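Dear colleague,

I am handing over the structure below, and after it you will find what came out of going through the model. Please read the notes with the structure open beside them.

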Amino acid sequence: MARIRLPHLEPTVTAPTAAGPGAAFTPGATVVRRDVHLGRVWSAQPYRALTDTGTVLHLAYWPGIRSLAPTTWATALRTGDDTVRKSGLHDLAAGSWELGAWHWRDTVVRSRFETNEWFSLHCFQDPVTGEPLRLYVNFERPVVRTRIGIDTLDLLVDLVVEPDLSSARWKDEDEYAQGRRLGFITDADHRVVEQARMRALGMIETRSGPFADPWPTWTPDASWPLPVLPHGADRTGTA
């Protein structure tokens, strides 16, 4: 996919307001990030809380952690079968997916979630050296805090950014377009996502917000236990 040149932009658009935050999570606590659609859990990943101001939440995720993911997504990732990947979007739009176990591998991820924002930021890092490999802007519904973590919904399109912010490229725009055709991404969603895309690009250009400081070399403490999904994390009524 072609690189995009970061534009010079006017002041950014204010993000729409979502539900207010709950109590802050204690460092070391397990925080479950879930995608929820049509009242059902589409994915669930247990993270370790690093810091939490009540507004900005930093989490860590590393190889070996077991999560729940749609079986079509896991199959597509293992096989590279694009047909399976596209069928997974039909399942998502229809609310007909099945969940299966998925073990994270290959990279350490540090994630940043901010109240009311329509994207989260993730730094993928080498699991041995801790060197940042890429930044990943995930466009999603603003997180809602729950008893066990945060609920959101991935809106399919992403922005992959070099760690030094020198360049960026859009990812999964084909999935986003299909999501719009299926009605999963509504016209209202699309308008807000377009604003969020411009907001993220503007922050990268000006080195502001979550892009103000470089992400340092980092690996999880070897003594930390793997975060584990609590019982009932696959059901919305239990959180």
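Pro70 stands opposite Leu99, which belongs to strand 5. The model is a predicted one, in which local features need pLDDT of at least 70 and side-chain atom pairs count only at pLDDT 80 or more, while totals for chains, interfaces and linings use all residues. Residues are numbered from 1 along each chain as its sequence is written, and side-chain values use heavy atoms, with hydrogens and water left out.

Strand 4 (residues 66–70) and strand 5 (residues 99–103) run antiparallel and are joined by 5 bridges; two strands are taken to pair if DSSP finds at least two bridges between them. Helices (H or I, at least four residues) and strands (E, at least two) are DSSP runs, numbered from the N terminus. Of the 5 residues of strand 4, 4 are buried, so the strand is largely enclosed by the rest of the structure; here buried means under 20% relative accessible area and exposed over 50%, with partly exposed in between (1.4 Å probe, protein chains only). Ser67 lies in strand 4 and counts as buried at 2% relative accessibility. Leaving aside residues up to four places away in sequence, Ser67 touches Ala44, Gln45, Pro46, Tyr61, Gly100, Ala101, Trp102 and Leu229, where contact means heavy atoms within 4.5 Å.

**Helices 1 and 2**

In helix 1, the buried residues are Thr72, Ala74 and Ala76, and what covers the buried residues of this helix includes strand 4, helix 2 and strand 5. Gly80, whose phi is positive, near 75°, follows helix 1.

Helix 2 (residues 82–94) has 13 residues and reaches 19 Å from its first C-alpha to its last, close to the 18 Å expected at 1.5 Å a residue; that expected span is 1.5 Å times one less than the number of residues. Within helix 2, Gly88, Leu89 and Leu92 are buried. Seen down the axis of helix 2, the buried residues fall within an arc of 100°, so they line one face of the helix, the arc being that of the directions from the helix axis to the C-beta atoms. The face turned away from the buried side of helix 2 carries the exposed residues Thr83 and Ala94. The cover over the buried residues of helix 2 includes strand 1 (30–37), strand 2 (40–52), helix 1 (71–79), strand 11 (154–161) and helix 3 (173–181).

At the N-terminal end, helix 2 is capped by Asp81, a side-chain oxygen of which lies 2.8 Å from the backbone nitrogen of Thr83. Helix 2 is followed by Gly95, whose phi is positive, near 75°.

**Salt bridges**

The structure holds 13 salt bridges, each defined as a side-chain nitrogen of Lys or Arg within 4 Å of a carboxyl oxygen of Asp or Glu. One of them joins Arg33 to Glu140, with the closest N and O atoms 3.1 Å apart. Arg33 lies in strand 1 and Glu140 in strand 8 (residues 132–140), so the pair ties together parts that are 107 residues apart in sequence. Arg33 is buried, with a relative accessible area of 4%, and Glu140 is buried as well, at 2%. Arg33, Asp35 and Glu140 are linked in a network of salt bridges.

Arg34 and Asp151 also meet through their side chains in a salt bridge (2.9 Å, N to O). With Arg34 in strand 1 and Asp151 in strand 10 (residues 149–152), the pair ties together parts that are 117 residues apart in sequence. Arg34 counts as buried at 1% relative accessibility, and Asp151 counts as buried at 15%.

A further salt bridge is formed by the side chains of Arg199 and Glu117 (2.7 Å, N to O). This pair links distant parts of the chain, 82 residues apart, with Arg199 in helix 4 (residues 187–206) and Glu117 in the loop between strand 6 (108–114) and strand 7 (119–125). Both Arg199 and Glu117 are buried.

**Val137**

Val137 lies in strand 8 and is buried, with a relative accessible area of 0%. Not counting residues up to four places away in sequence, Val137 touches Phe119, Ser120, Leu121, Val157, Asp158, Leu159, Val161, Ala200 and Phe211. The C-alpha atoms of Val137 and Trp170 are separated by 9.5 Å, and the two residues are 33 residues apart along the chain.

Best regards

Conventions: A polar contact is a pair of N or O atoms within 3.5 Å; within protein, one must be able to donate a hydrogen and the other to accept it, and residues adjacent in sequence count only if both atoms are side-chain atoms.
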